[in-house]
Amino acid sequence: MAGALDTALKNAAKAVVADLGSSLDTTITYTRKASPTYNTSTGALSTTDTAYSNIKVPIEFILSDEEGQQERREAKVYITPDLIGSNQPTLQDEVILSYAGANETAQITEIKTLKGGQTYLFVLLVRF
C-alpha cells in the first residue's frame with residue numbers, strides 16, 4: 001500500500017510541476033556540482049558540473065527587498081527529481097533563472113525534500 005501511495009504522489013508531483021511550469025514564461029538551468037577536487041599547488045577548488053538546461057518549472061517569487069543600495073530577491077523553485085538526473089540537490093548546486101528576457105544566477109539557501117518511501121518533489125529557496 002505504501003508503495004502505491006508513493007507512486008501516486010510522485011506522479012501527481014510530476015504532473016503539477018509539468019502543468020504549472022509549461023504555463024509560465026520562465027525556465028531554469030540547474031547545474032549539479034559534483035566531485036570537488038582541491039589542487040594544493042594552485043589553491044583552486046574545481047567540480048565536475050552537469051547542467052540540466054531549459055527546464056520549465058513553477059517559480060514562486062516571494063521576496064523583493066531593498067537593503068541599502070542592494071536589492072535582495074528570493075524565490076521558491078519546485079522541481080521533481082527526474083528533471084535533474086534523479087539527484088538530491090545540494091547547497092553548492094547552482095540555479096539560473098531565465099525570465100523577462102534576463103538570466104539571474106541564484107544561490108540555493110534552503111532545500112525541502114518531500115518524500116515517502118521515494119522522493120517526489122524538491123522545493124528550493126533561492127536568493128539572487
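Phe61 has a relative accessible area of 41% and is therefore partly exposed, a class that lies between buried (under 20% relative accessible area) and exposed (over 50%), computed with a 1.4 Å probe on protein chains only. The model is a predicted one, in which local features need pLDDT of at least 70 and side-chain atom pairs count only at pLDDT 80 or more, while totals for chains, interfaces and linings use all residues. Residues are numbered from 1 along each chain as its sequence is written, and side-chain values use heavy atoms, leaving out hydrogens and water.

A search of the whole structure finds three aromatic pairs, where rings of Phe, Tyr and Trp (its six-membered ring) pair if their centres lie within 6.5 Å, with planes under 30 degrees apart counted as stacked, over 60 as edge-to-face and the rest as tilted. One of them joins Phe61 and Tyr99 in a tilted arrangement, at 5.0 Å centre to centre and 55 degrees between the planes. This pair links distant parts of the chain, since Phe61 belongs to strand 3 (residues 59-67) and Tyr99 to strand 5, 38 residues apart; strands here are DSSP runs (E, at least two residues), numbered from the N terminus. Tyr99 counts as buried, at 18% relative accessibility.

Phe61 also pairs edge-to-face with Phe128, at 6.2 Å centre to centre and 70 degrees between the planes. Phe128, in the segment after strand 7 (119-127), lies 67 residues from Phe61 and is buried, with a relative accessible area of 13%. Together, Phe61, Tyr99 and Phe128 form one aromatic cluster.

Notes
Helices (H or I, at least four residues) and strands (E, at least two) are DSSP runs, numbered from the N terminus.
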